[in-house]
Amino acid sequence: MKKIYKSQIDEWLIGLIIFFFALEVYTSYSAFEEGALQLAYILLAAVPVELVLIVCAFKSCKYILFDDRLEVACLFIKQIFPYSKITKIQASQNFLSAPAFSLKRIRIDLDDGRFTLISPPNRENFIAELQDLINKVRPAK
């Protein structure tokens with residue numbers, strides 16, 4: 001079995017990104033007006049590069065449920081979490097950096113003390129499905 005979930009994306013995050021792009025364009029315009037042409041051109045050239053990176057991150061961030069593991073992929077990073085190593089799953093709104101584009105997150109704790117945060121759509125259903133898969137691999141005591 002293989003089931004893929006994309007990261008949920010919060011609307012406020014889209015608004016924040018648009019704000020910073022507008023601020024960057026405004027700053028480049030101000031630099032142009034003040035005669036700092038090199039700075040203005042560098043700032044304007046960075047906008048499409050940043051936009052491509054953000055779109056790629058949004059499109060590539062996914063959570064894949066297999067029969068024996070959870071894979072978390074975002075851009076060039078892929079993490080593998082065997083179900084046998086997962087000790088706890090809980091809803092979270094942690095602000096820590098994570099492969100998640102929503103604050104409606106799930107915290108997944110591992111037996112070695114590490115954890116990850118993810119933000120699939122329909123958090124409660126994802127938690128239930130993940131818990132079922134974990135129980136199949138490692139039945140509850």
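Me: How many aromatic pairs does the structure hold?
Reply: This is a predicted model, and three aromatic pairs are found in it. One of them joins Y5 and F126, with 4.8 Å from centre to centre and 85° between the planes, an edge-to-face arrangement.

Me: Which parts of the chain does the pair of Y5 and F126 link?
Reply: The pair links distant parts, 121 residues apart. Y5 belongs to strand β1 (residues 2-6), while F126 belongs to helix α3 (residues 123-137).

Me: Are Y5 and F126 buried or exposed?
Reply: Y5 is buried, and F126 is buried too.

Me: Why is the pair of F19 and F20 edge-to-face?
Reply: Planes over 60 degrees apart count as edge-to-face. The planes of F19 and F20 stand at 70°, with ring centres 5.3 Å apart, so this pair is edge-to-face.

Me: Why does F19 count as partly exposed?
Reply: Partly exposed covers what lies between buried, under 20% relative accessible area, and exposed, over 50%. F19 has a relative accessible area of 48%, so it is partly exposed. F20 counts as partly exposed because its relative accessibility is 46%.

Me: Which residue lies over the face of F66?
Reply: That residue is R69, at 3.9 Å from the ring centre of F66. In another case, R107 has its charged end over the ring of F115, 3.7 Å from the centre of that ring.

Me: With which side chain does the side chain of D109 make a polar contact?
Reply: The partner is the side chain of R107, and the contact is 2.6 Å. D109 itself is part of strand β6 (residues 105-110). D109 counts as buried because its relative accessibility is 12%, and the cut-off for buried is under 20%.

Me: Where is P121 placed?
Reply: P121 is in the loop between β7 (115-118) and α3. With a relative accessible area of 37%, P121 is partly exposed. P121 and I9 are 112 residues apart along the chain, and their C-alpha atoms are separated by 8.6 Å.

Me: What shows where empty space is left?
Reply: A probe the size of a water molecule is rolled over the atoms, and this shows where space remains empty. In this structure, the largest pocket has a volume of about 180 Å³.

Me: How many residues line the largest pocket, and which lie nearest its centre?
Reply: The lining has 13 residues, and L96, S97, A98, A100 and R105 lie nearest the centre. By kind, the lining divides into 10 nonpolar residues, two polar and one charged.

Definitions and conventions:
Residues are numbered from 1 along each chain as its sequence is written. This is a predicted model: local features need pLDDT of at least 70, side-chain atom pairs count only at pLDDT 80 or more; totals for chains, interfaces and linings use all residues. Side-chain values use heavy atoms; hydrogens and water are left out. On a 1 Å grid over the protein atoms alone, a cavity is a set of points where a 1.4 Å probe fits but cannot get out, and a pocket is an open set with protein on both sides within 12 Å along at least five of seven lines; lining residues have an atom within 4 Å of a point. Grid points are joined across faces, edges and corners, and a volume is the space filled by probe spheres set on the points. Ala, Val, Leu, Ile, Met, Phe, Trp, Tyr, Cys and Pro count as nonpolar, Asp, Glu, Lys and Arg as charged, and the others, Gly among them, as polar. Rings of Phe, Tyr and Trp (its six-membered ring) pair if their centres lie within 6.5 Å; planes under 30 degrees apart count as stacked, over 60 as edge-to-face and the rest as tilted. Helices (H or I, at least four residues) and strands (E, at least two) are DSSP runs, numbered from the N terminus. Buried means under 20% relative accessible area, exposed over 50%, partly exposed in between (1.4 Å probe, protein chains only). A charge sits over a ring if NZ of Lys or CZ of Arg is within 6 Å of the ring centre and within 35 degrees of the ring normal. A polar contact is a pair of N or O atoms within 3.5 Å; within protein, one must be able to donate a hydrogen and the other to accept it, and residues adjacent in sequence count only if both atoms are side-chain atoms.
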